[in-house]
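User: I am new to this structure and would like to know what the terms used for it rest on. Please take me through them.

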Amino acid sequence: MPPLTLKVDSVQLAYNDRKILQDVYLQCTQGEIVGVLGRNGCGKSSLLRIIFGIVTPSFKYVSINDKFISKGYHNARIAYLPQHNYLPRGIKIKDLAKGFIDNIFWDEFSSLDIYKNHFNKTAGELSGGELRQLETLMIIYNKADFILLDEPFTHISPIQADIIKPIIKKCAQHKGFIITDHQYRNILEISDRIVLINDGSTKHIKSTEELVTWRYLNHID
């Protein structure tokens, strides 16, 4: 079965007459990781929420294999990790995980220390870092065809990030990932392609030097 392709085109979004997104084209195929970079307030998070279907722009075209979808969360085609915590606090992790995790990844997910050490607890009993790591992994291992990750590395430790990055790479053999984070080095490390949002438009980056050209970075480390 050929891989599915998610396309996002012609997104137009404004707040109080200020144009946030106006010339957007983004494509992600199962089997690849697309990193989205941009300065604070450029519309990265808004774009992910538009794809998922919880923000309504003045116009958008989102499709999977050229079939229009109005809400990405319908039929569990797309999963989304928001910047805020999303797990309900009073339900045990083991019960929540059963509804999230793709069956093909269950053995792998359930063998992780973060799950083995906390499966019988509720989300409210975890520390902030533990909860963020668990929530991120539950989305990465989700049943959806496409995974949207908003700031997956920002609220966890470097050690936790180093655990998560190879898991993303492995799961991307079966799913498409679109990821944004201010910790751009992590995005550059794991992404197959980079898209920069600049002045409301998407720039498809072919080399890291272009990030300097577009003034996202001052220099290349």
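User: What makes the largest nonpolar core a core, and which residues have the most contacts inside it?

Analyst: The model is predicted. A nonpolar core needs buried nonpolar residues joined through side-chain atoms within 4.5 Å. The largest such set here has 45 residues, and Phe109, Leu137, Ile140, Tyr141, Leu149, Ile168 and Phe177 have the most contacts inside it. Helix α5, residues 128-140, gives the most to this core, with six residues.

User: Which residues does Ile140 touch, leaving out those up to four places away in sequence?

Analyst: Contact means heavy atoms within 4.5 Å. With that exclusion, Ile140 touches Ile147, Leu149, Ile164, Ile167, Ile168, Cys171, Lys175 and Phe177. A second, separate core has 29 residues, including Leu21, Val55, Ile69 and Leu148.

User: How do you know that β8 and β9 pair?

Analyst: Two strands pair if DSSP finds at least two bridges between them. Strand β8 (residues 146-150) and strand β9 (residues 176-180) have five bridges, in the parallel sense, so they count as paired. One of the bridges links Leu148 to Ile178 in β9.

User: In what order do the six strands of the open sheet stand, and why are β7 and β11 said to be at the edges?

Analyst: The order is β7-β8-β9-β4-β10-β11, with mixed pairing. β7 (78-81) and β11 (201-205) each have a single partner strand, so one side of each lacks a neighbour in the sheet. From one strand to the next, the twist averages 20°.

User: Which strands does helix α6 lie across?

Analyst: Helix α6 (residues 158-171) lies across β4 (33-37), β8 and β9, and runs at about 145° to β9.

Conventions. Residues are numbered from 1 along each chain as its sequence is written. This is a predicted model: local features need pLDDT of at least 70, side-chain atom pairs count only at pLDDT 80 or more; totals for chains, interfaces and linings use all residues. Side-chain values use heavy atoms; hydrogens and water are left out. Buried means under 20% relative accessible area, exposed over 50%, partly exposed in between (1.4 Å probe, protein chains only). Helices (H or I, at least four residues) and strands (E, at least two) are DSSP runs, numbered from the N terminus. Axes are lines fitted to C-alpha atoms, for helices over the stretch in contact, and angles run from 0 to 180 degrees between N-to-C directions.
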